[in-house]
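Please walk me through this structure in plain steps.

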Amino acid sequence: MDNAGFIFASYIITFGSVGAYALGVIRRSRKSSRDVPRDQRPWL
Amino acid sequence: MSKPSQNSSPENSSPKNTSTVIATARLIATKDLRVELRSRVLLNQVVPFSLIVMVMFAFALDSDAVLERVAPGLVWLATLFSVLIMVSRSFAVETADGALDQLRSSGVPAMGIFIGKTVALMVQLLVLVTLLVGAAVVLYRAQVSWSGGVLLVTTAIAATCGLAAVGTLYGGLAAGAKGRETLLPLLLLPVVAPVLIGATRATESAFGTNGIAISEGWPWLGLLAVFAVLFSVAGAVAFGPLLDD
Amino acid sequence: MNTTDTTTAPNSSPRDRVTGTTFTRGLGVVILAGMILLVILGLFVSPPDVNQGESVRIMYAHVPGAWLAYLAFVVTGISSAAYLWKRTRSLTWDRIAGASAEVGVLFMGISLVTGSLWGRITWGTYWTWDARLTTTAFLFVTYIGYLAVRGLGGTHQQRARRSAVLALLAVLEIPLVHFSVELWNTLHQEASIAGRGTDVEMDGLMLFTLFLGVVVFTLMYVWLVLHRQRSLALDDMLDDSGLDNALTARRAEAQGVAR
C-alpha cells in the first residue's frame, strides 16, 4: 500500500484518541461518583 | 458579577426606556473617556506599545519593499494587539472596586452600559488608528491620496466600531473572572479575523499598494459594516444576560 | 468501550454502574462491531480510488470526523439556546452543550490531523489556506475558547450562562469568518490547490464504507456525549454536596461555639 504509514497513522490517531477520551471520561466519572450518593443518578 | 440582585431589575419588567438607555450610554461613555483623559493610559502606554510593535515589524521583515507592501496589514495587526490591552483595561476599571456590580444592581440598563463603553472604546481606537496610519506613512512609506483618504476614514470608522463592539462584549463576558487576561486574546482574535481581513484589504486599496485600485476597497468596507452592525446588535442584546447573576 | 461496572459479578446490579446504562452498554457493543468492520473495509477490503489512490482510505475517518464535529457544534448551539430560554432552562442543557463541545473539539482535531496527513499525500503539503480549512481551524480555536470559558469557575448558573452566550455568538461569528475567508481566498493570486485531486469516483463499496463511517462515528458521538454529560452531572453534584457539607460543618461549628 502506498503511503501506508500515513494511512495507518490516521486510523490509529482517530480511534486511539476517541478511545483515550472515552477512558478519561469513565475514569473521571468513577472518581466523582465515589462521593455522590447512589440514588441521585436520574439516568439509572 | 457575583453579587445577586435582591429583586428583579426594574427595567426587565417594564418596557425598555430608550431615553434611559441613551442617557446611560452617554454617561458611561463620558465617564470612560474622562477616566482616560485623566489617567492617559492610552496616550502613555498603548500608543507607545503599538508604535514599538510597528518598529518591531520593521526589524522582523527587514526590507523596505516588503514593508511597503504589507503596511496595511501591519497597521491593523498592531491595532488588534492594542485592542486586547484596551479591552482588558476598560473592564479592569469597572471590576476593580465592584463598580460594574453596583451599576447593575442600581437598575442601570445593561444595553446603555454596553453602548457607552463601546463608544468610548471606539473613540480611543480611532485615535490609535490615526496615529498608526501616520506611523505607516513615515516608517513604511505608505501613501494616501485624497480619495484614498475618504476610503481610509470610512474604513477606520467601520472597523473600530466592530472592534469596539466585540471587545466590549467579550470583555464583559470575561470580566471579573480569573485568568481573563490570557483568556481574552484567545476569545477575541478568532472573532475579529473578518475585521483584520476587511480592514487590511480596504486599506490596501486606500494606500494603492500593489497598484490595487481604490474602487476595490469598497466591498471590503461593506464586510466591515456588516460585522459592525451584527456585533453591535448582538452585544447590545447579550450584554444584559452576561452581566446578570 | 464498555460501561463502568465496578464489580465483576456476573449478575451485577444497576446500582454498581456509574454513568453506564443498559442502553449505553448495547450501544458500546454495536460501536465496537462497527469499528472493526469499518477498519477492515476501510483499510483492506475497499478498493483504492482512481485519482487519489490509497490515500482515499484516510477519508473514511476524516469525513465522518468532520461531519460529526459540525453536528456536535450544532447540538452545542441548540442546547445553549435551550438553556437560555426561560421555559426550558435546566443545567442539563448546559451539560449537554459542554459535553457536545468537548466531543466536537475531539472530532474536529481528528479531522484536522487526518486531513493534514491526507493533504501531505495528495497535495504535498500539510496545510493550505483554502476557505474551508481556514474556517475549520477558526471553529476549532473558537470552541477551545468556549471550553476555556467553561472552566472559569463561579456557580453552575454563571458557567452555563456565559458559555451559552458564547456558543450563540460563535454561531453568529463562524459564518462571518467563513464568508470573509472565502472572499479573501478568491482574490488570492495563487491557484487554489484544493481543486486538484479531491474528486472521488465512488464505487459501491467505497460509498458504503463512507456511510458506515458516518454511522459508526455518529454512534460514538452519542455514546461519548451521554457518558460525558453524566460525568459532568456527577461533578456538579459533587460541587453541590461539597458546598452542602461545608455549610453543615460551619453550622455545626457555630452551634458548638455557641454552646
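**A walk through three chains**

Leu33(B) lies in helix α2 (residues 18-39) of chain B. Helices here are DSSP runs of H or I with at least four residues, strands are runs of E with at least two, and both are numbered from the N terminus. This is a predicted model, in which local features need pLDDT of at least 70 and side-chain atom pairs count only at pLDDT 80 or more, while totals for chains, interfaces and linings use all residues. Residues are numbered from 1 along each chain as its sequence is written, and chains are lettered from A and ligands numbered from 1 in the order in which they are written.

Stay with Leu33(B). The scale is simple: 20 or more other C-beta atoms within 10 Å make a residue buried, 12 or fewer make it exposed, and anything in between is partly exposed, with C-beta atoms placed from the backbone. Which residues does Leu33(B) touch, leaving out those up to four places away in sequence? They are Ala120(B) and Val123(B). Touching, or being in contact, means that the C-beta atoms, placed from the backbone, lie within 7 Å. Leu33(B) and Ala120(B) are 87 residues apart in sequence, yet their C-alpha atoms are 5.9 Å apart in space.

Now follow the end of that helix into a loop. Arg40(B) sits in the loop between α2 and α3 (41-61) of chain B. Its phi is near 50°, a positive value in a residue other than glycine. Most residues other than glycine have a negative phi. Arg40(B) is exposed, because 12 other C-beta atoms lie within 10 Å. Arg141(B) also has a positive phi, about 60°, although it is not a glycine. Arg141(B) is found in the loop between α6 and α7 (146-174) of chain B. With 13 other C-beta atoms within 10 Å, Arg141(B) is partly exposed.

Next comes the core. The largest nonpolar core has 142 residues. Such a core is a set of buried Ala, Val, Leu, Ile, Met, Phe, Trp, Tyr and Cys residues joined through C-beta atoms within 7 Å. Leu132(B), Ala136(B), Val166(B), Leu224(B) and Phe239(B) have the most contacts inside this core. Helix α6 (residues 110-139) of chain B gives the core its largest share, 16 residues. Take Leu224(B) as an example. The C-alpha atoms of chain A fill a box of roughly 55 × 15 × 5 Å along the principal axes. Of its 44 residues, 23% count as buried.

How does chain A meet chain C? In this interface, 36 residues of chain C are in contact with 28 residues of chain A. On the chain C side, α1 (22-45), α2 (56-84), α3 (91-122) and α6 (204-258) each supply at least two residues. The largest share, 11 residues, comes from α6(C). This side of chain C divides into 18 nonpolar, 10 polar and 8 charged residues. Here Ala, Val, Leu, Ile, Met, Phe, Trp, Tyr, Cys and Pro count as nonpolar, Asp, Glu, Lys and Arg as charged, and the others, Gly among them, as polar.

Look at one helix pair in that interface. The axes of helix α1 (residues 4-33) of chain A and α2(C) come within 8 Å and cross at roughly 30°. Axes are lines fitted to C-alpha atoms, for helices over the stretch in contact, and angles run from 0 to 180 degrees between N-to-C directions. α1(A) and α2(C) are therefore roughly parallel to each other. Angles under 35 degrees count as roughly parallel, over 145 as roughly antiparallel, 65 to 115 as roughly perpendicular and the rest as oblique. Ile7(A), Ser10(A), Tyr11(A) and Thr14(A) meet Arg57(C), Ile58(C), Ala61(C) and Gly65(C).

Inside chain C, α2(C) also meets α5(C). Their axes come within 9 Å and cross at roughly 130°. That makes α2(C) oblique to α5(C). Among the residues in contact are Gly77(C) and Ala81(C) of α2(C), and Ala164(C) and Leu168(C) of α5(C). The contact has 8 nonpolar, 4 polar and no charged residues.

Finally, turn to chains B and C. Here 21 residues of chain C are in contact with 21 residues of chain B. α4 (131-150) and α5 (156-186) of chain C give two or more residues each to the chain C side. The largest share, 13 residues, comes from α5(C).

Notes
Two residues are in contact if their C-beta atoms, placed from the backbone, lie within 7 Å.
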